[in-house]
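Hello,

Here is the structure I promised to pass on to you. Please have a look at it first, and then read my notes below.

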Amino acid sequence: MTSKMSFSLVVILLLVAALLRSFDLANLPQGFSEDEIINIRLVDNVRQGDIFAFYPGEDGGREGFYPVFVAFVTSFVGEGTIGFRIASLWLSMLSIAIIYTLGLHLFNPVVGVLAASLVTVNMSSILLARAVSSDAIVLFWVSATMLALARSLPVYRRTRVVTSNIISFAALGALLGIGFYVHPSSLFIALGAMAYIVHLLYVRDIMFRQRRSYTGFAILLMLIISMPYVISSINLPQYSAVHRIASDYNVMQLHSIVDGLLAIVAQGDANPLHNLPGRPLVDAFSGLFMLVGVLICFMRRHRPRFMLMLIMFVLTLPAALIVEGSPNFHRMNVLLPQLAIFFGMGVYSVIRAPIFADFVFRRMAVAGLLVLLVINIAWTATDLYADWRDNEEVLPLVNGGLGQIAHYLDVVGDEIPVVFCNAAWDAVHAERAIGISDKTLLMMNRSEFVYREADCSQSLLLANGGEKQRIVFFDEAAMDGAHPYLREWLAQGQSVMGKLPRNTVIELETVQLLADRAGALTTTAPLSYAPEVAALEPIAPPIRFGGNLTLLGYEPDVKREFLPGEIVDVITYWRVEGAFLSDIILKNHVLADPVTPIGIRDVISVNPLMLRERDVFIQVTPVQLRETTLPGNYIVSVGAYRQSDQQRLPVLKDDQPHGDRIFLYNIEVLPLPATDESGG
């Protein structure tokens, strides 16, 4: 095989690899795992200027290079499932090209093509190319570092000074230095590189003076680049790669190493995020060829190029096997370039056997390799696009329900108003976990998406006066948790069918129903101004407040008799009349007299920031009575105020302030039933 022929073959392999890795990239997997979401949040931190050597976290530290790289990529291609994954896909494609070049440079074109073909069809590599994970960069980094070593240092018997290239040494030093910011496995990669340099210097003694000086330059460059990481590791040792690796050593046992080795050709990785459970890293035939390649390297270990493969393989083994949850195929990417080259060497040595000197047998060997490649392509495609996609363990691990909703919203857009039902919309803690609305938006491929947000268990937001809208529940059981009064309204809508969790998207149109209800409230739900500004005489809604807020009325047909300590459900209708204040809170009080409350609940169950003119929301506010409430008649009042300065919004009459609260209706608190003390 000539180099030109091998180049043509590897281009075909790259096209196959691109197809396997990019087909349905937006929806396979359907969403992001929690680990990926953490990485995406780190990307947001980078955009805000928070760039560190590594980022502390509850699950240990995370190196800072990958978030910076993804932030750079997404600034050009955008975000969403495609934008965040495309960086890993590009790295995977580059890895295949580099592995081919490495095999070509160390051995011959056949080894390079065979090594590239194994990585092309590798299931774990394909899944990692679709993941937002720093593990995705390891395959590229190991391959590039080994190629830089091979191009910089003598790997053949003949050593010529003219082969020295300062650019190759600079690339080697930069790769080793930047590697500290990439992944904990980079420590083992750097250790392997240093071991190979020591082997050439003091064991083989085949490096001339110029190469020695260039090697010193590469090591100095590595030390300069890695110095900030070293300083950060001294300041925060608990988050450094060394500490995390040492922790893995403390928890791992010998059986984990054995399991990791067996997983290569036997049991596989049981984690559905890394692999189709039960599928080995490579097929048995490929594993056998790899073993042959390892034996060849061991037998020819006195030659530098074979020793390079052995040293990098042996010294990176701990990074792949001594990890929590071994076998872990994502961590085995540190071994995949070496295993691929071993596979190519094994196949090449077999087809060079005397039996294959015959033309017919040589043709049969080539045909067998093509059949093996086709079988692996079909095997991987079936496992990925059918078995793994439909695996019931995968969907919850990648927040697949949210991913399905995000894909649906991507398709239908926001021409019809969309309301997200998110009970935690008002969480204000800076370190809070990312909310379900934010997760869904991360999984969408639209740069801007307009939506409204509400706690649908206590409120129903009717956009544009009840025109057609989509209400999104992020859980199949969420609608069942809505207040019974609100469920009666939701029953007027229709659940969207298709590839969505049941009852998660409801299409609802209530223009006529809302108009009829508002009209009825003008006669069935009389109000009154506060006694400090007017006598308690009935007036008809609607009542305008300051801040472009209007009280349309309340639900009169509710329970009016309670015991002390029970909950009074106050159901009110509100409409937005224009630009809305972002910090409005509705106050709901049960009063013993005009100034003495026996029950208070100040809350708003819709996100004021997202409300638009003509939006109507029905709010159910549970107000708990005091346990010490005496029997008697009490009155329910409502109002509103700004949370920032506690300034109450005025009630308007003829566009003039007329108090700051409205009285709704009376309730009666009954005496507690007598207890039978004699029976106690």
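Helix 3 (residues 65-77) and helix 4 (residues 80-106) have axes that come within 9 Å and cross at roughly 115°. Angles of 65 to 115 degrees count as roughly perpendicular, so helix 3 is roughly perpendicular to helix 4. The crossing of helix 3 past helix 4 is right-handed. On the helix 3 side, the contact is made by Tyr66, Phe69, Val70, Val73, Thr74 and Val77. Helix 4 brings Gly83, Phe84, Ile86, Ala87, Ser88, Trp90 and Leu91 to this contact. Sorted by class, the contact has ten nonpolar and three polar residues, and no charged ones.

**The whole protein**

Please keep in mind that this is a predicted model. The protein has 21 helices and 20 strands. Its radius of gyration is 34 Å, whereas a compact globule of 680 residues would have one near 26 Å. Along the principal axes, the C-alpha atoms fill a box of roughly 110 × 65 × 55 Å.

Seven strands form an open sheet with antiparallel pairing, in the order 5-16-13-11-10-18-19. Strand 5 (459-462) and strand 19 (656-657) stand at the edges with a single partner strand each, so one side of each has no neighbour in the sheet. Within this sheet, strand 10 (residues 543-545) runs antiparallel to strand 18 (residues 651-653), and two bridges join them. Phe545 has Val651 of strand 18 as its bridge partner.

Best wishes

How values were computed:
Residues are numbered from 1 along each chain as its sequence is written. This is a predicted model: local features need pLDDT of at least 70, side-chain atom pairs count only at pLDDT 80 or more; totals for chains, interfaces and linings use all residues. Side-chain values use heavy atoms; hydrogens and water are left out. Two strands pair if DSSP finds at least two bridges between them. Helices (H or I, at least four residues) and strands (E, at least two) are DSSP runs, numbered from the N terminus. Axes are lines fitted to C-alpha atoms, for helices over the stretch in contact, and angles run from 0 to 180 degrees between N-to-C directions. Angles under 35 degrees count as roughly parallel, over 145 as roughly antiparallel, 65 to 115 as roughly perpendicular and the rest as oblique. A crossing is left-handed if the near helix is turned anticlockwise from the far one by less than a right angle, and right-handed if clockwise. Contact means heavy atoms within 4.5 Å. Ala, Val, Leu, Ile, Met, Phe, Trp, Tyr, Cys and Pro count as nonpolar, Asp, Glu, Lys and Arg as charged, and the others, Gly among them, as polar. The radius of gyration is taken over C-alpha atoms; the globule rule is 2.2 Å times the number of residues to the power 0.38.
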